Amino acid sequence: MKKVAFIINPASGLRRRHSLERKLEYFFRQQNGWETVFYHTTCHNDAYNAALRYKEVLFDMVVAIGGDGTVNQVACALVHSSVTMGIIPTGSGNGLARHLKIPISVPKAIDALLHGNVAIIDSGMINGRSFFCTAGIGFDAHLAKRFNRALVRGFLTYITLSVLEFIRYRPQKYIIYAGEEVFEREAFLITFANAAQWGNNIYISPCANTSDGLLDLVVWKRASVMRIPFMAIRLLTKKINRSKYIENIRGASFRVERIGEGYVQYDGEHTIMGKELKIGIHPSSLRVVTPCSYQ
């Protein structure tokens, strides 16, 4: 009998948790004969610790039901293992889920878990922290901090904060080491992209590929306030890489130096890291269920 564990973050916008559990029990256990277990998170890192336990007792699949933070924690526990991760996205951004074409509709996401394929994707690392979608510094991290502390979250809050903080934020100086090349840049933000988008179909690196063994380093130079609408359109239409304010560098590892310690975002979460940042990639390190439509 196959075993699946569902790790549910009840604070991630899931309105009908008990109804969802009944559906999952019906489709997985009654219709397909899986052993099912449900776990509800109660504190920070709870999803990570729960996923570790299910990995150790050899569950076939562990499903993250929540937002980007829950997905990151479950993925961190399962990376470099034979256990497959599933995702039912119920968060505000759902960056990795959207990149992998996992439906935001819960019924369609369940169908993808039952009838999809297993993709083997890369994982990134920034100063010892794993990320699977994007990590970033500068405005990227500053906005993540503000958004995570907002009383009300969602796409409208994200856009409102983006505009307000864009006006206030000032570029910083960075030294970027990419292989044997060294670049000095004054940047508004720097994003390290394993996947193409931050979330909400906002594409910071449209050509990023989670299975190519490489990261896309995106340097965003300061643009005037008048350019905000045009940059926003480019982000939403997968054309930001064509902007003169954007520089892309592709590689397997980078080192970045900044003037001092500061905030870093990884898969939408934020933390403080030091002056020097080491960024790398672990190719083919995570098994994820994706819809048959995912290429």
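Student: Why is helix H6 (residues 139-148) described as largely enclosed by the rest of the structure?

Tutor: Keep in mind that this is a predicted model. Nine of the 10 residues of helix H6 are buried, so the helix is largely enclosed by the rest of the structure. The buried ones are Phe139, Asp140, Ala141, His142, Leu143, Ala144, Lys145, Phe147 and Asn148.

Student: What covers the buried residues of H6?

Tutor: The cover includes helix H7 (155-168) and several strands, among them S7 (134-138), S10 (189-193), S16 (262-266) and S17 (269-273).

Student: What makes threonine 191 count as buried?

Tutor: Its relative accessible area is 0%, and buried means under 20%, so threonine 191 is buried. Threonine 191 lies in strand S10, and strand S10 is part of what covers the buried residues of H6.

Student: How do you know that the side chains of threonine 191 and aspartate 140 make a polar contact?

Tutor: The distance given for the two side chains is 2.8 Å, and the cut-off for a pair of N or O atoms is within 3.5 Å, so the pair meets the distance condition and is listed as a polar contact. Beyond its neighbours up to four places away in sequence, threonine 191 also touches other residues, including Thr134, Trp198, Ile204 and Val218.

Student: Why is alanine 5 called buried?

Tutor: Alanine 5 has a relative accessible area of 0%, and the limit is under 20%, so the word buried applies. Alanine 5 is found in strand S1 (residues 3-8) and, leaving aside neighbours within four places in sequence, is in contact with Val37, Tyr54, Phe59, Met61, Val62 and Val63. The C-alpha atoms of alanine 5 and glycine 86 are separated by 9.6 Å, although these residues are 81 residues apart along the chain.

Student: How do helix H2 (residues 46-56) and helix H3 (residues 68-78) cross, and which residues make the contact?

Tutor: Their axes come within 8 Å and cross at roughly 35°, and the crossing is right-handed. The contact is made by residues including Tyr48, Ala51 and Leu52 of H2 and Val74, Ala77 and Leu78 of H3. The residues of this contact divide into eight nonpolar, two polar and two charged.

Student: Which residues touch the most other members of the largest nonpolar core?

Tutor: Val74 and Met85 do, in a core of 45 residues. Not counting residues up to four places away in sequence, methionine 85 touches Val62, Val71, Val74, Ala75, Leu78, Leu286, Arg287, Val288 and Val289. There is also a second, separate core of 23 residues, which includes Ile176, Phe183, Val264 and Met273.

Conventions
Residues numbered from 1 in each chain as written. Predicted model: local features only at pLDDT ≥ 70, side-chain atom pairs only at ≥ 80, totals over all residues. Heavy atoms only, no water. Buried < 20%, exposed > 50% of the residue type's maximum accessible area, 1.4 Å probe, protein only. Helix = DSSP H or I, 4+ residues; strand = E, 2+ residues; numbered from the N terminus. Contact = heavy atoms within 4.5 Å. Core = buried A, V, L, I, M, F, W, Y, C linked by side-chain atoms within 4.5 Å. Polar contact = N/O pair within 3.5 Å; in protein donor to acceptor, adjacent residues only side chain to side chain. Axes fitted to C-alpha atoms, helices over the stretch in contact; angles between N-to-C directions. Left-handed = near helix turned anticlockwise from the far one by under 90°. Nonpolar A, V, L, I, M, F, W, Y, C, P; charged D, E, K, R; others polar.
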